[in-house]
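Please keep the sequence and the structure in view while reading.

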Amino acid sequence: MNNATFETGTAVLRGGQVKAIRLVGLAGLIGGVLLIITGLVVWIAITSQLRAEEIVVPDDAIAFQGQVVSGPFTAFVQADIINHHALEMSGGKTYAELDRDDPVRATVMNASFLRASLFTSVVSYGIAVFAAGVGVLFLFFGWALRAIVPALPRQAKS
């Protein structure tokens, strides 16, 4: 074990402590890169799946009219307009409020399922951004640990 010491100005670190801190910093750097890559891969996967559905936001939506659903904002707007149309069809009643024999009930149920799927993609986008953001923080923390505790000089072997 390396018994060399390193003075930081206020504390003295032993060689093993320096190595441990630098190893944690390296783990932070590697973890940060992996989280950023994971966030990007998830974002791309969700986007490609949404685009493959070729859902076009209708003209009566609050925004993004005529655009293909391909991101969190278009997915949210599409879910909102689906809800608006379903409530219009059902006279303002939700799926749970409709009689079991109501012929509109199946359509309102499908609208509810579609909205849930779109909201799931919106949440997934949020998780992807969160993962990438945590990855950036890991990079900063890892870099900081390695910057404030420089490597011990290598000792010549006898």
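## Glu54 and the loop

Glu54 is found in the loop between helix 1 and helix 2; helices (H or I, at least four residues) and strands (E, at least two) are DSSP runs, numbered from the N terminus. The model is a predicted one, in which local features need pLDDT of at least 70 and side-chain atom pairs count only at pLDDT 80 or more, while totals for chains, interfaces and linings use all residues. Residues are numbered from 1 along each chain as its sequence is written, and side-chain values use heavy atoms, with hydrogens and water left out.

Glu54 follows helix 1. Its phi is positive, near 55°, in a residue other than glycine. Most residues other than glycine have a negative phi. Glu54 counts as exposed because its relative accessibility is 62%; buried means under 20% relative accessible area, exposed over 50%, and partly exposed in between (1.4 Å probe, protein chains only).

Phe64 lies in the loop between helix 1 and helix 2. Phe64 also has a positive phi, near 60°, and at 30% relative accessibility Phe64 is partly exposed.

## Chain layout and confidence

The chain has three helices and two strands, and from the N terminus on the order is β-β-α-α-α. Of its 158 residues, 27% count as buried. Among contacts (heavy atoms within 4.5 Å) between residues at least 6 apart in sequence, 54% join residues at least 24 apart.

Mean pLDDT, the predictor's confidence in each residue from 0 to 100, is 90 for the chain, with 88% of residues at 70 or more. Confidence is lowest in strand 1 (residues 5–7), at a mean of 58, and highest in helix 2 (residues 72–89), at 97. Where pLDDT is low, the predicted coordinates should not be read in detail.

## Helix 1

How far apart are the end C-alpha atoms of helix 1? They are 57 Å apart, which agrees with the 57 Å that its 39 residues should span at 1.5 Å a residue; the expected span is 1.5 Å times one less than the number of residues. The buried residues of helix 1 include Gly25, Gly28, Gly31, Gly32 and Gly39, as well as Arg22 and Thr47. Ile44 is in helix 1 too, but Ile44 counts as exposed, at 57% relative accessibility. Ile44 and Ser70 are 26 residues apart in sequence, and their C-alpha atoms are 9.9 Å apart in space.

## The nonpolar core

A nonpolar core is a set of buried Ala, Val, Leu, Ile, Met, Phe, Trp, Tyr and Cys residues joined through side-chain atoms within 4.5 Å. The largest has 14 residues, of which Leu50, Val57, Ala61, Val69, Ala75 and Leu118 touch the most other members. Helix 1, helix 2 and helix 3 are the elements that give two or more residues to this core, and helix 2 gives the most, with six.

Leaving aside residues up to four places away in sequence, Leu50 touches Val69, Ser70, Gly71, Ala75, Leu118, Ser121 and Tyr125. Gln78, in helix 2, is buried at 8% relative accessibility. Beyond its neighbours within four places in sequence, Gln78 is in contact with Ile55, Val56, Val57, Pro58, Val69 and Leu118.

## Aromatic rings

The structure holds two aromatic pairs. Rings of Phe, Tyr and Trp (its six-membered ring) pair if their centres lie within 6.5 Å; planes under 30 degrees apart count as stacked, over 60 as edge-to-face and the rest as tilted.

| Pair | Centre to centre | Angle between planes | Class |
|---|---|---|---|
| Trp43 and Tyr125 | 4.3 Å | 65° | edge-to-face |
| Phe76 and Phe119 | 5.7 Å | 55° | tilted |

Trp43 in helix 1 (residues 15–53) and Tyr125 in helix 3 (residues 105–148) are 82 residues apart, and their pair links distant parts of the chain. Trp43 is partly exposed, at 33% relative accessibility, whereas Tyr125 is buried, at 1%.

The other pair also links distant parts of the chain, with Phe76 in helix 2 and Phe119 in helix 3, 43 residues apart. Phe76 is partly exposed, with a relative accessible area of 44%, and Phe119 is partly exposed, at 29%.
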